[in-house]
Amino acid sequence: IIHKESDNRDVFFVLAGSVRVVNFSSSGREIALANFKAGEYFGEIAAIDGKPRSANAIAVTDCILASISPSIFRSLIKYNSNISIEVMKRFAQIIRIADERIMDLSTLKVVQRVYIELLKMVERDIAAPELWVIRPMLSHSAIASHVGTTRETVARVLGQLAQAKIVERKSKALYIRNKKRLEELAEQSNPEGMISPS
């Protein structure tokens, strides 16, 4: 949708589908920065500061988008206090997420980041409330992109969790069989090595 360093400054609104904002490392590994679904918007930073795009925006699914020019967007902010407050809240959220990501990358080992990402996605199964599930389960590449590692590392961590009977893959879902144990692993100061189920 948008290439990094593009001169396009429009603000885009997602009417249908989903969009991921990503950057790529020097080795070509994708790093996910944000995800947007229907009802959300992106691209406001370049519209405000007039500088080139800081990241790439890619369509995760088929999308319908609407866009407005930077001049219209700035006018909306200038003359509508409700809109300007919402945009400021959005920037505050971006800063908080960036702070959290910097802290995670600085203090957590990669396996812990995978555990934490799984815990962020898990929710109670509607059909069986005593179970915890991630549905649909993201691809290894998508999880790797979120936590700043490789697809192979995510596959290895999930394999170890499955071997320890902490998680179980079924079709397009990942069941967390022992959420308490996964939480304990995420908090361990030295999480490397073999994983026991208890």
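## Briefing: strands, cores and pockets

β9 and β10 pair in the antiparallel sense, joined by four bridges. They belong to a predicted model of a protein with seven helices and 10 strands. Of its 198 residues, 35% are buried. The C-alpha trace spans about 60 × 40 × 30 Å along its principal axes.

**The four-stranded sheet**

- The open sheet holds four strands in the order β7-β8-β10-β9, with antiparallel pairing.
- Its edge strands are β7 (123-124) and β9 (167-170), each of which pairs on one side only.
- Strands in a sheet pair through backbone hydrogen bonds.
- At one end of the order, β7 runs antiparallel to β8 (residues 132-134), and two bridges join them.
- Arg124 has Trp132, in β8, as its bridge partner.
- β9 and β10 form a hairpin with two residues between the strands. Ser171 takes a positive phi there, near 55°.

**Nonpolar cores**

- The largest nonpolar core has 23 residues. Tyr115, Leu118, Ile134, Leu161 and Leu174 touch the most other members.
- The top contributor is α4, with five residues.
- A second core is separate and has nine residues, including Ile2, Val14, Val19 and Ala55.

**Helix α5**

- Is α5 enclosed or open to the outside? It is largely enclosed by the rest of the structure, because six of its eight residues are buried.
- Those buried residues are Ala142, Ile143, Ala144, Ser145, His146 and Val147.
- The cover over them includes β2, β3, α3, α4 and α6.
- Gly148 follows α5 and has a positive phi, near 75°.

**His140, a residue of α5**

- His140 is found in helix α5.
- Is His140 buried, partly exposed or exposed? Its relative accessibility is 27%, so His140 counts as partly exposed. The buried class lies under 20% and the exposed class over 50%.
- Leaving aside residues up to four places away in sequence, His140 touches Arg151, Val154, Ala155, Leu158 and Arg169.
- Arg156 lies 16 residues from His140 along the chain, and their C-alpha atoms are separated by 9.9 Å.

**Largest pocket**

- About 1,400 Å³ of space lies in this pocket.
- Its lining counts 47 residues. Nearest the centre lie Ala32, Leu33, Ala34, Asn35 and Ile97.
- Which helix gives the most to the lining? Helix α3 (residues 81-107) does, with 10 residues.
- By class, the lining has 25 nonpolar, 14 charged and eight polar residues.

**Second largest pocket**

- The volume of the second largest pocket is about 310 Å³.
- Thirteen residues line this pocket. Those nearest its centre are Ser18, Asn35, Phe36, Lys37 and Leu138.
- β2 (18-24) and β3 (30-37) each supply at least two residues of this lining.
- The lining divides into six nonpolar, four polar and three charged residues.
- Asn35 is among the residues nearest the centre of the largest pocket, and it is also among those nearest the centre of the second largest pocket.

- Asp7 is found in the segment before β1 (11-16).
- Is Asp7 buried or exposed? At 63% relative accessibility, Asp7 counts as exposed, because the cut-off for that class is over 50%.
- Asp7 and Ala46 are 39 residues apart along the chain, with their C-alpha atoms separated by 8.9 Å.

**Contacts across the chain**

- Among contacts with a separation of 6 or more, 65% join residues 24 or more positions apart.

Notes. Residues numbered from 1 in each chain as written. Predicted model: local features only at pLDDT ≥ 70, side-chain atom pairs only at ≥ 80, totals over all residues. Heavy atoms only, no water. Core = buried A, V, L, I, M, F, W, Y, C linked by side-chain atoms within 4.5 Å. Buried < 20%, exposed > 50% of the residue type's maximum accessible area, 1.4 Å probe, protein only. 1 Å grid on protein atoms, 1.4 Å probe; cavity = no way out; pocket = protein on both sides within 12 Å on 5 of 7 lines; lining within 4 Å. Points joined across faces, edges and corners; volume = space filled by probe spheres on them. Nonpolar A, V, L, I, M, F, W, Y, C, P; charged D, E, K, R; others polar. Contact = heavy atoms within 4.5 Å. Pairing = 2+ DSSP bridges.
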